[in-house]
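Visitor: I have never read a protein model before. Could you walk me through one?
Guide: Gladly. Let us look together.

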Amino acid sequence: MKNIFKIALFSIVCISNSFAANSLNNSILSFKYDYHYTTSNDTIKNSKTDPKKKTILNNKNEDDIIIDDENDNYFVKQLINVASDNLGIVYRAGGTSKNGFDCSGLVFTTFKKFDITLPRSSNEMAEVGLKIDLTNAKKGDLIFFINRGQKRINHVGIVSEVCGDEVKFIHSSTQSGVVISSIKEPYYQRTFAQINRIIE
């Protein structure tokens, strides 16, 4: 009788172990399936995982820094949002922080947030990217000016909006600090120099 009981108990243990092993294997397979399915699904939904969608620097020559990004609309929105977060901050010569910005400091700091390093001065920034006609301006372009009494570019802003023939830009002005201005304003019509495309 004891032998029969032992045999029965042994059989139950073996069956239980087999069932547990199968359950574990099924769980592992299920986890693997779910993991791969989720990863694949995320890849479809999240364009950042696609190498073709990543923001890259394309140095066509020594002077040009062009960002080729199929999601440039999203990137430009983020760029303008970062610059807009500084609206109302005072002008400060050489400034690159919330304590104050000069014009190129604002542009330099904004792009730096996205690990894009531009030259520090507006005159040097004017040598980067591709020169674009004013009629073809778009958000994210850099807009340059030569202020009265100057012989070279000494002011820069970021195009934040284009409405027909009106181009608006965010910049740090000496009198008002970080503001949004329009090319329609007489002063900026007179001093406008060029537009450069950094984001293509």
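Visitor: Let us begin with a pairing. Which residue is the bridge partner of L142 in β7?
Guide: First, remember that this is a predicted model. The partner of L142 is I158.

Visitor: What is the order of the strands in the open sheet?
Guide: The order is β5-β10-β6-β7-β8-β9, six strands with antiparallel pairing. To find an edge, look for a strand that pairs on one side only. Here the edge strands are β5 (130-132) and β9 (177-182). From one strand to the next, the twist averages 35°.

Visitor: Which strands does helix α3 lie across?
Guide: Helix α3, residues 103-112, lies across β6, β7, β8 (166-173) and β9. Its angle to β7 is about 65°.

Visitor: Is α3 largely enclosed or open?
Guide: Count its buried residues, meaning those under 20% relative accessible area. In α3, nine of the ten residues are buried, so the rest of the structure largely encloses this helix. Among them are L106, V107, F108 and F111. For the chain as a whole, 34% of the 200 residues count as buried.

Visitor: Which residues have the most contacts inside the largest nonpolar core?
Guide: They are V107, F111, L118, L142 and I158, in a core of 26 residues. Several elements contribute: α2 (72-84), α3, β6 and β7 each supply at least two residues.

Visitor: What does L118 touch?
Guide: Leave out residues up to four places away in sequence. L118 then touches V107, F108, F111, M125, V128, L142 and I198. There is also a second, separate core of nine residues, including A137, I143, V159 and V167.

Visitor: Now the backbone. What is the phi of D115?
Guide: Most residues other than glycine have a negative phi. D115 has a positive phi, near 60°. This residue is in the loop between α3 and α4 (122-125). D115 is exposed, with a relative accessible area of 70%.

Visitor: How many helices and strands does the chain have?
Guide: Five helices and ten strands. Now look at contacts between residues at least 6 apart in sequence: 51% of them join residues at least 24 apart.

Terms used: Residues are numbered from 1 along each chain as its sequence is written. This is a predicted model: local features need pLDDT of at least 70, side-chain atom pairs count only at pLDDT 80 or more; totals for chains, interfaces and linings use all residues. Side-chain values use heavy atoms; hydrogens and water are left out. Two strands pair if DSSP finds at least two bridges between them. Helices (H or I, at least four residues) and strands (E, at least two) are DSSP runs, numbered from the N terminus. Axes are lines fitted to C-alpha atoms, for helices over the stretch in contact, and angles run from 0 to 180 degrees between N-to-C directions. Contact means heavy atoms within 4.5 Å. Buried means under 20% relative accessible area, exposed over 50%, partly exposed in between (1.4 Å probe, protein chains only). A nonpolar core is a set of buried Ala, Val, Leu, Ile, Met, Phe, Trp, Tyr and Cys residues joined through side-chain atoms within 4.5 Å.
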